[in-house]
Amino acid sequence: MSNKIVHWFKYASPQSFYPLAGKMVPWFVALAVLLGIAGLWVGFFIAPTDATQGEAYRIIFIHVPASWMSMFIYLIMAAWAGLGLALNTRLSSMMASALAPTGAMFAFLSLWTGALWGKPMWGTWWVWDARLTSELILLFLYLGFIALQAAIDEPRRADKAGAVLALVGVVNVPVIYFSVKWWNTLHQGASISMAKAPSMAHTMLLGMLLMALSFWMYSIAVALVRARAIMLERERNSEWVKHAVE
Amino acid sequence: MQWNSIGDFFAMGGYAFYVWGSFGVTALALLMEPLLLKKRRNDVLRSVRRERSAVNHSSS
């Protein structure tokens with residue numbers, strides 16, 4: 001029964017997804033580069049100086065997209081991990097493992113750029129408030145997921161243990177997102193509804209969205225490349241890998 | 001455009017350290033990750049090929 005369900009999805013098996021992923025990677029790389037160039041152009045040359053924060057606000061063009069990505073990637077990772085847990089499909093769990101390091105990197109970049117923004121604006125690199133602390137917990141969840149999987153030799157058991165951790169950790173994502181509403185915090189509110197002069201908001205928003213799209217495309221490309229490496233590593237003794245490496 | 005010169009651009013209104021510290025580390029991370037992945041992929045390809053040729057030699 002479960003075999004039948006799996007075979008309905010043509011690309012749910014590593015051997016058919018491997019070549020497809022390989023074909024998709026260059027397109028996502030190209031999109032990431034083009035959108036990134038456009039986003040940086042808008043962010044540095046079209047968006048005007050902020051009235052209160054001066055040029056320091058330009059950190060927003062990577063801080064906000066990196067923070068969004070760290071949360072989106074976690075949700076997608078948890079969804080893949082949950083799918084792998086429920087349906088026992090190999091590819092789903094591999095996709096979850098492929099996303100974790102990229103998500104961790106964006107969580108780190110969110111904290112790093114946040115610290116560099118906080119210092120000139122708040123006078124401190126770090127405060128233990130709800131937004132910052134919950135984002136730090138997100139980074140630890142990613143690192144915990146990676147470490148837990150690395151600590152278990154048998155891949156399918158590692159997948160299951162990782163999936164449970166990833167699913168439990170999902171509760172942290174809405175906490176991060178709504179933390180600026182639920183608690184008093186130094187951190188400013190949601191960027192999208194920021195009350196600024198209209199002309200300002202438009203170019204700022206455009207730059208931010210272009211950078212976010214660029215990060216999206218980058219994440220997809222990198223996750224596909226990593227998923228392909230994981231497929232080779234895990235299924236190295238199968239026939240399809242022997243043909244694929246020729 | 002609000003920059004009068006290249007020096008003006010790099011100075012970032014006095015926030016150069018914070019702005020370039022953010023963009024620099026982000027750029028570094030986004031370049032390092034693909035490079036590390038390329039190495040990971042090459043490592044597994046090489047070891048699978050080596051194993052394969054070892055099996056072929058011993059069987060022939």
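How many residues of chain B are in contact with residues of chain A, and how many of chain A are involved?

Reply: Let's start with the ground rules. This is a predicted model, in which local features need pLDDT of at least 70 and side-chain atom pairs count only at pLDDT 80 or more, while totals for chains, interfaces and linings use all residues. Residues are numbered from 1 along each chain as its sequence is written, with chains lettered from A and ligands numbered from 1 in the order in which they are written.

Now the meeting of the chains: 24 residues of chain B are in contact with 32 residues of chain A (C-beta atoms, placed from the backbone, within 7 Å). On the chain B side, 14 of the residues are nonpolar, five are polar and five are charged (Asp, Glu, Lys and Arg are charged; Ala, Val, Leu, Ile, Met, Phe, Trp, Tyr, Cys and Pro are nonpolar; the others, Gly among them, are polar). For the complex, the predictor gives an ipTM of 0.90 and a pTM of 0.90. Chain B has a mean pLDDT of 89, with 95% of its residues at 70 or more (pLDDT is the predictor's confidence in each residue, from 0 to 100).

Helix α5 (residues 130-151) and helix α7 (residues 172-182) of chain A have axes that come within 8 Å and cross at roughly 170° (lines fitted to C-alpha atoms over the stretch in contact, with angles from 0 to 180 degrees between N-to-C directions). α5(A) and α7(A) are therefore roughly antiparallel (over 145 degrees). Their contact includes A:L138 of α5(A) and A:W182 of α7(A), and has eight nonpolar, three polar and two charged residues.

Conventions: Contact = placed C-beta atoms within 7 Å. Helix = DSSP H or I, 4+ residues; strand = E, 2+ residues; numbered from the N terminus. Parallel < 35°, antiparallel > 145°, perpendicular 65-115°, else oblique.
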